[in-house]
Amino acid sequence: MEKITRYFIVFVVLELLQILVFNNVSAIGQIAPYLYVGFILVLPVTFPPTLLLLLAFVSGFLIDLSINSLGVHACATVMMAFARPTVLTWLSPRVGYESNNVPILRYFGLAWVLKYTSVCVAIHHITLYFCFTLTFDDMGFMFIRMLINVFLTVLVIIVTEYFVIKR
Amino acid sequence: MEKLFDFINKHSFLLMFLLLQIVSFIFIVNFNEPQKSRFGAVSTAFQGRIYSVTQKITRYFNLVEANERLVEENRRLYENQIFSQYDHTIRSKVVTDEVLDQQYEYITAVVLNNSTNKVKNYITINKGRKHGIQKNMSVICPSGIVGVVVRSSENFSLIMTVLNPQFKVSTKFKDSGFYGSLMWHGGDYETATLEEIPLHAIINVGDTLVTNSYSNMFPSGIMVGTVESFYQKDNFFSADVLLSTDFKRLDYVYVVKDLFKKERENLESGI
């Protein structure tokens with residue numbers, strides 16, 4: 001119960017941070033770190049995947065409501081949540097996961113978390129950019145922007161993990 | 001029902017994913033202007049493709065019907081063509097002469113059917129009893145003899161051509177006057193055989209052969225052909241004759257009406 005409350009607080013905090021702070025950080029054109037996806041990433045390894053999808057949809061949809069882009073973030077986040085189990089299996093340690101494993105910096109180390117976060121965020125951003133444009137035109141420019149955005153998001157997530165979820 | 005629940009339970013992750021993605025997509029294309037117009041353009045293009053493909057397919061299935069329509073239309077067009085109309089005018093060319101009495105009249109006719117490569121060859125013409133054509137009338141064309149009428153109906157006649165083993169006509173050498181019987185023994189449609197030429201006849205290759213009136217069929221002097229080669233057979237000479245009529249190219253023919261035929265037949269049958 002305590003765990004659920006903690007996750008709920010994390011969820012609310014991340015959503016608020018995203019809506020109130022990071023959505024306004026679009027300093028370099030449309031590039032902004034999407035911190036809120038971190039919530040999906042830090043859920044326990046054994047978290048029910050179907051529920052994960054629902055949570056992803058809700059978190060994305062809230063962001064959509066705030067910036068008036070209905071469906072775009074929801075779609076991207078659901079896509080990421082869909083890929084998460086596969087990515088986890090792909091990155092699983094030699095001995096496999098323990099039932100209470102949480103994929104965060106404290107348990108898995110920087111290199112692993114960097115890989116895990118980068119792959120998931122990349123999937124999210126690719127979907128996001130595609131949903132924004134619904135076209136594959138101008139791929140080169142979009143790809144560069146996407147790369148910068150992925151870098152920014154991963155950086156923000158890991159820094160947040162380092163400082164906030166340390167407890 | 002249980003199976004359905006089983007299925008949903010088993011694939012809940014995938015089904016949930018698909019459901020949520022579909023919901024998101026519906027949101028995206030309905031509530032975002034740029035995506036909406038973009039999706040509109042893509043879906044219009046897609047619809048266009050689908051329509052063109054289905055149109056291609058249905059067009060294929062409609063081919064039979066279209067074909068039938070075209071055939072019907074062709075039939076109608078053919079019927080309106082001039083060659084489909086039956087010519088009811090009777091053009092009987094009469095050569096009037098003050099001094100001589102008219103013996104032969106000519107009825108022009110168009111060849112409707114023609115054969116040259118059978119054992120017995122016949123042609124069909126577009127004139128019949130109605131136009132005065134009767135059995136045993138001879139038929140000629142501008143380049144030579146054609147044959148003899150064997151049967152005629154109201155509007156059509158059947159002509160046994162030279163290229164028929166039953167056809168036999170008395171033929172003479174134009175210059176020397178010796179005569180024989182022209183026959184055809186099958187094979188080549190360009191050559192016939194002149195038989196029963198007396199042994200004392202003087203024959204040269206290239207001699208011109210014309211009809212004579214002995215067989216009471218053709219008018220005298222109608223071109224038959226030229227001698228190609230000759231040889232002795234029993235007590236007669238035989239000659240291969242290159243026919244002057246090109247039976248492969250018959251289109252218009254003249255049916256010869258002999259006005260004195262009856263009289264001569266009556267006279268000759270009395271012997």
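In this predicted model, Arg129(B) has a relative accessibility of 49% and so counts as partly exposed, since the exposed class begins only over 50%. The side chain of Arg129(B) forms a salt bridge with that of Glu154(B), at 3.7 Å from N to O. Arg129(B) sits in the loop between β3 (122-125) and β4 (138-141) of chain B, and Glu154(B) in the loop between β5 (144-152) and β6 (157-161), so the pair ties together parts 25 residues apart in sequence. Glu154(B) is partly exposed as well, with a relative accessible area of 41%.

Side chains of opposite charge can pair when their charged atoms come close. Over all chains, the count comes to 4 salt bridges. One of them joins Glu268(B) and Arg264(B), at 2.8 Å from N to O. Both residues belong to helix α5 (residues 261-269) of chain B, and because they are 4 residues apart, about one helical turn separates them. Glu268(B) is partly exposed at 39% relative accessibility, and Arg264(B) is partly exposed at 25%.

Another salt bridge links the side chains of Arg249(B) and Asp246(B), with an N to O distance of 3.5 Å. Here Arg249(B) is exposed, with a relative accessible area of 65%, whereas Asp246(B) is partly exposed at 29%.

Chain B as a whole is divided into domain 1 (2-75) and domain 2 (92-269). The centres of these two domains of chain B, taken over C-alpha atoms, are separated by 76 Å.

The remaining topic is the contact between the chains. Chain A contributes 23 residues and chain B 18 residues. Between them the two chains bury about 1800 Å², of which 76% lies on carbon and sulfur atoms. On the side of chain A, Leu70(A), Phe82(A) and Leu134(A) lose the most area to chain B, together accounting for 32% of what that side buries.

Across this interface there are 0 salt bridges. Polar contacts between chain A and chain B number 2 residue pairs, both at pLDDT 80 or more. In chain A, the helices α3 (49-67), α4 (72-90) and α5 (105-133) each supply at least two residues of the side that touches chain B. The largest share, 8 residues, comes from α4(A). By residue class, the side of chain A that touches chain B divides into 17 nonpolar, 6 polar and no charged residues. A salt bridge needs a Lys or Arg nitrogen and an Asp or Glu carboxyl oxygen, and that side of chain A has no charged residues.

Technical notes
Residues are numbered from 1 along each chain as its sequence is written. Chains are lettered from A and ligands numbered from 1 in the order in which they are written. This is a predicted model: local features need pLDDT of at least 70, side-chain atom pairs count only at pLDDT 80 or more; totals for chains, interfaces and linings use all residues. Side-chain values use heavy atoms; hydrogens and water are left out. Contact means heavy atoms within 4.5 Å. Buried area is the accessible area (1.4 Å probe) that two parts lose on being put together, summed over both. A polar contact is a pair of N or O atoms within 3.5 Å; within protein, one must be able to donate a hydrogen and the other to accept it, and residues adjacent in sequence count only if both atoms are side-chain atoms. Ala, Val, Leu, Ile, Met, Phe, Trp, Tyr, Cys and Pro count as nonpolar, Asp, Glu, Lys and Arg as charged, and the others, Gly among them, as polar. Domain bounds come from an automatic or database domain assignment. Buried means under 20% relative accessible area, exposed over 50%, partly exposed in between (1.4 Å probe, protein chains only).
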